[in-house]
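Welcome! Please take a moment to look over the sequence and the structure below, and then we can walk through some of its features together.

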Amino acid sequence: QESGLKIRYPLSHTKTMAFATMDLSFLSDPGVFAKGQHAEDDDARGDLQMARSIDIQSFPLAPVSSPYTFCEDVRKHGNAPGLMDFKHGTTTLGFVFKHGIIIAVDSRASMGSYIGSQTVKKVIEINSFLLGTMAGGAADCSFWERHLARLCRMHELRTKERISVAAASKLLANIFFQYKGQGLSCGTMVAGWDKKGPSLYMVDDSGERFKGERFSVGSGSPFAYGVLDSAYDRNMSVEDAVELGRR
Amino acid sequence: MDSVFALVGDGYAIVAADASAARSILVFKHDEDKIMELDSHKLLVGAGVPADCAHFNEYIQRNLTLYELNNDIKLSTHGSANYIRGELATALRKGPYQSNLLLAGYDAQDGVSLYHMDYMASLSKVNFGAHGYAANFILSVFDRDWKKGMNLQEGLEVVRRCIHELRTRFLISQPVFILKVVDAAGTRVVTL
């Protein structure tokens with residue numbers, strides 16, 4: 001279905017020309033997206049709706065003629081000031097060592113130069129064996145990681161097996177790749193323990209996905225790498241590892 | 001920022017790619033394998049935007065596997081190259097994949113072949129090729145040192161000279177290169 005997506009081609013033989021008009025009516029009724037795809041009460045929907053809510057293809061794009069420049073256009077228009085001022089400014093890090101994985105995140109949320117909150121939770125428990133961290137746009141990260149949690153749970157229910165870290169990170173990477181270029185800002189790490197032992201993946205808003213032993217993501221990451229690289233040892237004890245993360 | 005190059009020798013092809021995964025000034029890891037085995041006798045490597053390369057390579061690999069399952073026969077290198085180019089061309093006017101590719105493959109009938117593809121969906125069959133900034137340095141080394149019908153040792157020597165040239169003149173440090181060979185026996189990793 002094409003819910004609200006209007007692309008106008010005034011010259012029908014060249015589909016590259018489209019009007020740069022803005023239809024911001026969805027701002028007054030945000031539920032226009034929620035009804036079909038992100039239904040709160042899933043019991044009331046049939047299987048088809050549930051399947052479609054999981055189906056990546058049916059996720060709505062911004063109902064404008066040029067979704068790729070949506071964020072910039074909104075900012076330029078001035079109709080909705082502050083809408084696109086996402087919270088930024090994070091350092092998150094994670095590393096694999098003998099006993100498992102340590103994830104360390106800071107808890108500050110900044111909006112420009114204003115500190116929004118000092119107690120933001122930047123780690124989300126996807127399930128009891130998977131963690132996701134958030135760096136970049138707070139809303140993007142938390143929404144998509146909660147969506148990932150839902151996908152992981154569906155996988156468990158369908159296959160009667162816990163999802164592997166590789167598969168979970170790939171699901172997230174594919175979502176980001178789908179929305180590539182449309183203004184998502186999200187650097188996350190997916191860490192977990194599955195049949196293959198501990199795994200740590202870094203997933204980016206550009207759709208990049210890397211498996212590794214140690215990562216740091218966020219605006220403070222180069223500095224974190226300095227500390228991490230100099231003191232990292234795969235065989236360190238849990239206490240040493242926690243202390244390294246804290247440092 | 002990727003350095004990717006390949007050459008064809010007597011019954012084999014060597015594909016080389018740097019193993020650094022980086023973004024702006026930060027290097028994430030030094031053991032990223034960018035060369036994808038499409039099937040037992042084909043290698044595909046992409047240089048460009050890392051996400052596009054990785055996703056496109058996997059997409060092609062899955063589709064070639066599907067072709068094999070549907071038709072009980074592997075697609076030839078020539079067929080694969082044209083199929084890949086077709087995918088790039090279809091995506092070009094919608095959402096282009098910004099990856100420059102080298103495809104090396106072995107067929108029982110045609111022997112070893114190497115195809116050079118651009119993100120603009122150009123395609124040509126070549127004896128050697130390179131992508132990325134590295135191409136500026138490596139193509140001249142190939143022009144001078146590549147000969148038809150080199151054996152594997154000679155081919156590896158040429159690759160060694162290419163990597164030496166990069167280390168001498170290229171600004172970006174790429175300490176690790178992954179090399180893979182495809183020949184009648186299949187694909188394997190080689191070390192210099």
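Where in chain B does B:Ser24 lie? B:Ser24 sits in the loop between strand 3 (21–23) and strand 4 (26–29) of chain B. Please keep in mind that this is a predicted model.

Most residues other than glycine have a negative phi. B:Ser24 is not a glycine, yet its phi is positive, at about 50 degrees. This serine has 71% relative accessibility, so B:Ser24 counts as exposed, the cut-off being over 50%.

B:Ala121 also has a positive phi, of about 70 degrees, although it is not a glycine. You will find B:Ala121 in the loop between strand 8 (111–117) and strand 9 (123–126) of chain B. Is this alanine, B:Ala121, buried or exposed? With a relative accessibility of 6%, B:Ala121 counts as buried, because the limit is under 20%.

## A pair of helices in chain B

Two packed helices are described by the angle between their axes and the distance between the axes. For helix 3 (residues 134–145) and helix 4 (residues 152–169) of chain B, the axes come within 9 Å and cross at roughly 140 degrees. The crossing of helix 3 and helix 4 of chain B is right-handed.

Helix 3 of chain B brings residues including B:Phe137, B:Ile138 and B:Phe142 to the contact, while helix 4 of chain B brings B:Arg161, B:Cys162 and B:Glu165, among others. The residues of this contact comprise eight nonpolar and four charged ones, with no polar ones.

## The nonpolar cores

The largest nonpolar core has 25 residues, and among those with the most contacts inside it are B:Phe5, B:Ile14, B:Ile138, B:Phe142 and B:Cys162. Strand 1 (4–8), strand 2 (12–18), strand 10 (128–131), helix 3, helix 4 and strand 11 (177–183) of chain B each supply at least two residues of this core. Its largest share, six residues, comes from helix 4 of chain B. Apart from this core lies another, of 23 residues, which includes A:Ile126, A:Ile163, A:Tyr179 and A:Cys186.

Leaving out residues up to four places away in sequence, B:Ile14 touches residues including B:Phe5, B:Leu7, B:Leu152, B:Val159 and B:Val181.

## Where the chains meet

How many residues of chain A are in contact with chain B? There are 17 residues of chain A in contact with 13 residues of chain B. The area buried between chain A and chain B is about 1,300 Å², and carbon and sulfur atoms give 60% of it. A:Phe177, A:Glu208 and A:Phe210 supply 38% of the area that chain A buries against chain B, more than any other three residues.

Notes. Residues are numbered from 1 along each chain as its sequence is written. Chains are lettered from A and ligands numbered from 1 in the order in which they are written. This is a predicted model: local features need pLDDT of at least 70, side-chain atom pairs count only at pLDDT 80 or more; totals for chains, interfaces and linings use all residues. Side-chain values use heavy atoms; hydrogens and water are left out. Axes are lines fitted to C-alpha atoms, for helices over the stretch in contact, and angles run from 0 to 180 degrees between N-to-C directions. Helices (H or I, at least four residues) and strands (E, at least two) are DSSP runs, numbered from the N terminus. A crossing is left-handed if the near helix is turned anticlockwise from the far one by less than a right angle, and right-handed if clockwise. Contact means heavy atoms within 4.5 Å. Ala, Val, Leu, Ile, Met, Phe, Trp, Tyr, Cys and Pro count as nonpolar, Asp, Glu, Lys and Arg as charged, and the others, Gly among them, as polar. A nonpolar core is a set of buried Ala, Val, Leu, Ile, Met, Phe, Trp, Tyr and Cys residues joined through side-chain atoms within 4.5 Å. Buried means under 20% relative accessible area, exposed over 50%, partly exposed in between (1.4 Å probe, protein chains only). Buried area is the accessible area (1.4 Å probe) that two parts lose on being put together, summed over both.
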